[in-house]
Amino acid sequence: MKKAVFSGMGMYIPETIVTNKQLEVLMDTSDEWITERTGIKERHKVKPGEGTAAVALPAAVMALANAKMAKEDIQLIIFSTIAGDFLAPGSGAILNEMLGVPGTPAVDIRQACSGFIFGMSMAKAYIQSGLYERILLVTAEVQSVALQMSTEGRDTAALFGDGAAAVVIIAEDGHKDSAGIGSIALHSDGRYAEDLSIQIPTTRETPFLSEQMIKDRRHWVVMNGRNVFKHAITKFPAVINEVMALEGITKDQVKLVIPHQANLRISEAVAKKMDLPMHSVVYSNIHKYGNTTSASIPIALFEAVQEGKVKKGDLIVMAAFGAGFSWGAAIYKW
Ligand code: COA
């Protein structure tokens, strides 16, 4: 059977740091409040004019270099972002131009925080179908431009950060237990679509963007934080248990759980519910980057590997929950 295997990873974090102390100047908040409720100490933001594909590019170039693969050998780009450079076309096409690979197909996915898990499922399916053998999965998020840097927007301004990560995924001959992407479980529930959303431009209105909409402050990220929290702490454990059952493994066999870095309190609640040790098994780097939406899992995986926390043969569980609501989990054997 064909296995979908990570052959190189890359990440990119924009240089500019925004600390909790800096937010204190812009809005009614405190380092203490943000640290206690979210675990976040700082996040990064793009330079003015640096769009989503520009953030993706260095991560993609690094992943290709680490995979020792020429960009021309990539057969498909899967680009995950919640906010692309343009409403249309997708940022995959823009990255295609920046990378200089005209003709290479590029598909965008908008599964928000679960984008990496959904993207892995697509890469795995393409590889197992035999359609492609070398895929670049890119996650890139520029969220700072959609955050309201005032007391009104303090719930989201404190949470989200910019960043990108990329993985080259290749086909290798293997069997169920060899290295690569294992079982995946995916879910969406659109009943909660408005609980975490950016609602304009909207095809429900003509024109789909107007001065009035901006005056009404409808262009910012909106979040029902309590509802997101409530669903996240039940869906994360459920989908992790689901994917382990699909794979036929128990939690004792899992070396590392990499949850989407939504909020440290969510990760801690999940660890507690599942009786998993927070520091040794459940990975967290949210203090440095905030919530980088679909880029958070591959950034965390990249850093976990750099820190020597992942060794050949280890079983990793990656799990995400976010806007949609969409959620999912994947097993990866390193
Ligand atoms: N600084 C200070 N106060 C803040 C704040 C901030 N950055 N953000 C919100 N508050 C305030 C609220 O305005 C509210 O004030 P009020 O009582 O005067 O109305 C108060 O804190 C309590 O709000 P509440 O929503 O009850 O706080 P909370 O304990 O639920 O924490 C979140 C707020 C956003 C941290 C929390 O709901 C959360 O983590 N939700 C999940 C968000 C998430 O992970 N999103 C991404 C998913 S991918």
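In this predicted model, a nonpolar surface patch of about 370 Å² is formed by Leu87, Phe208, Leu209 and Ile214. Of these residues, Leu209 is situated in the loop that links strand S9 (196-197) to helix H7 (211-215). Leu209 has a relative accessible area of 42% and is therefore classed as partly exposed.

Asn96 counts as buried because its relative accessibility is 13%, the limit for burial being under 20%. The side chain of Asn96 makes polar contacts with two backbone oxygens: that of Val101 lies 3.0 Å from a polar atom of this side chain, and that of Thr104 is reached at 2.8 Å. When residues up to four places away in sequence are not counted, Asn96 touches Ile77, Val101, Pro102, Gly103 and Thr104.

Helix H2 (residues 31-38) presents both buried and exposed positions. Asp31, Ile34 and Thr38 are buried. These three residues lie on the same side of H2, because they cover an arc of only 80 degrees around the axis. Glu32 and Glu36, on the other side of H2, are exposed. The cover over the buried residues of H2 includes helix H1 (20-26), strand S3 (42-45), helix H9 (264-274) and helix H10 (286-289). H2 is followed by Gly39, which has a positive phi, near 80 degrees.

Methods
Residues numbered from 1 in each chain as written. Predicted model: local features only at pLDDT ≥ 70, side-chain atom pairs only at ≥ 80, totals over all residues. Heavy atoms only, no water. Buried < 20%, exposed > 50% of the residue type's maximum accessible area, 1.4 Å probe, protein only. Helix = DSSP H or I, 4+ residues; strand = E, 2+ residues; numbered from the N terminus. Arc of directions from axis to C-beta. Contact = heavy atoms within 4.5 Å. Patch = residues over 30% accessible without salt bridge, like charges linked within 9 Å, V, L, I, M, F, W, Y side chains within 5 Å. Areas by Shrake-Rupley, 256 points an atom, 1.4 Å probe, with all protein chains shown as cover. Salt bridge = Lys/Arg side-chain N within 4 Å of Asp/Glu carboxyl O. Polar contact = N/O pair within 3.5 Å; in protein donor to acceptor, adjacent residues only side chain to side chain.
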